[in-house]
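Me: I'd like to learn how to read a protein model. Could you take me through a few features, one by one?

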Amino acid sequence: MALDLSFKQLIAAAEDGAATIGQPTCISIDRIDEDPDQPRRSFDEQKLDELAQSVLQHGVLQPIVLRQATEEGRYVIVMGARRYRAAKRAGLRDMPAFIHAAGSADRYVQMIENIQRDDLNTPEIAAFIADRLEQGDNQADISRKLGKPRDWVSRYASVQNMPEFLRSKLAGSSIRAVYELYQAWREQPNAVETLCAAQESFTDAHARRLAREVRTKVRGSPADGEGAPGAQPARRRIAPQSALRPIERDRATAAAEKRLNSSDDRNERMRTSLTIRVRHQDRTGCLLIDRLASQGSRHAVLLIDGAEEAEEVPASTITIEEILSA
């Protein structure tokens with residue numbers, strides 16, 4: 001579900017069944033208060049100055065949305081904090097506003113508006129999601145109400161569990177990059193902390209590569225001939241069966257049969273010690289090799305990073321990124 005709501009649709013969502021908002025009216029700016037619980041916590045001063053200059057020249061072109069405060073004659077902003085601040089900065093005495101008939105703000109509508117305007121930074125989005133989880137919503141609820149994928153919600157929900165040195169990287173790195181490092185930190189905390197101490201920011205691709213190397217190291221040093229993490233392993237030339245003499249073919253066949261006839265408990269140990277990391281669309285996770293998909297052999301069962309439940313996807317849509325052995 002794409003976030004493509006028009007302003008009128010946002011207003012309708014904000015009402016949430018309340019009476020019609022009606023026509024905008026001019027409200028004195030000194031009777032308006034900001035909502036202390038709104039998702040946005042920071043404002044770009046330069047952009048506010050630019051908006052204030054626009055307001056001076058053209059006025060406030062889009063009314064803000066207010067709700068009545070508990071104090072008689074005062075109003076609290078539901079949507080439009082930037083426009084309100086710019087109007088104050090421009091020296092306006094009043095500004096156009098829709099009056100919300102309901103008595104409390106819809107936090108999700110405030111969040112949607114800020115996401116659409118790309119006004120929120122990562123800590124602000126993470127704080128909103130953490131608050132919604134604390135209030136009893138689960139990640140599926142938040143995903144549905146914001147119109148965002150589950151893995152998007154999972155990445156931001158993980159911020160509250162990150163160590164401070166990782167949170168500090170959010171200022172210069174994307175949430176996706178920091179989330180990749182966080183997943184690796186859960187397995188190898190010291191290694192990830194060392195990496196972060198040496199670098200201020202990470203691109204998505206760089207973080208993904210570093211996380212892969214860290215996950216490889218946690219299983220131990222590379223085996224002989226493998227080289228450093230990320231390097232191409234040395235390959236042995238294996239002669240095709242047709243090039244072998246009859247006795248050699250018999251020996252090769254016997255060796256293969258011996259490997260295939262290993263004991264059941266060894267096979268079970270192999271199954272439980274393998275971790276197959278895969279990518280599905282823009283998400284990463286683990287392939288559950290001990291479970292068959294209910295939709296048939298053309299589907300796979302995945303546990304996406306940060307998700308609470310496994311899901312089934314077409315096998316043709318996943319890409320194996322690495323196979324790790326404990």
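Me: Is Trp152 buried or exposed?

Reply: Let's begin with what we are looking at. This is a predicted model, in which local features need pLDDT of at least 70 and side-chain atom pairs count only at pLDDT 80 or more, while totals for chains, interfaces and linings use all residues. Residues are numbered from 1 along each chain as its sequence is written, and side-chain values use heavy atoms, with hydrogens and water left out. Now the term: buried means under 20% relative accessible area, exposed means over 50%, and partly exposed lies in between (1.4 Å probe, protein chains only). Trp152 has 12% relative accessibility, so it counts as buried.

Me: How are the rings of Trp152 and Tyr156 arranged?

Reply: Rings of Phe, Tyr and Trp (its six-membered ring) pair if their centres lie within 6.5 Å; planes under 30 degrees apart are stacked, over 60 edge-to-face, and the rest tilted. By this rule there are 3 aromatic pairs. For Trp152 and Tyr156, the centres are 4.7 Å apart and the planes are at 55°, so this pair is tilted. Tyr156 is buried too, at 8% relative accessible area.

Me: Where do Trp152 and Tyr156 sit along their helix?

Reply: Helices are DSSP runs (H or I, at least four residues), numbered from the N terminus. Trp152 and Tyr156 are 4 residues apart in helix 7 (residues 150–157), so about one helical turn separates them.

Me: Which residues of helix 6 are buried?

Reply: In helix 6 (residues 139–146), they are Gln139, Ile142, Ser143 and Leu146. To see how they are placed, look down the axis and take the directions from the helix axis to the C-beta atoms; the arc is that of these directions. The buried residues of helix 6 fall within an arc of 100°, so they line one face of the helix.

Me: Which residues have the most contacts inside the largest nonpolar core?

Reply: A nonpolar core is a set of buried Ala, Val, Leu, Ile, Met, Phe, Trp, Tyr and Cys residues joined through side-chain atoms within 4.5 Å. The largest one here has 29 residues, and those with the most contacts inside it include Ile129, Trp152 and Leu166. Helix 9 gives the largest share of this core, 7 residues.

Me: What is Ile129 in contact with?

Reply: Contact means heavy atoms within 4.5 Å. Leaving aside neighbours within four places in sequence, Ile129 touches Ile142, Trp152, Val153, Tyr156 and Ala157.

How values were computed:
Helix = DSSP H or I, 4+ residues; strand = E, 2+ residues; numbered from the N terminus.
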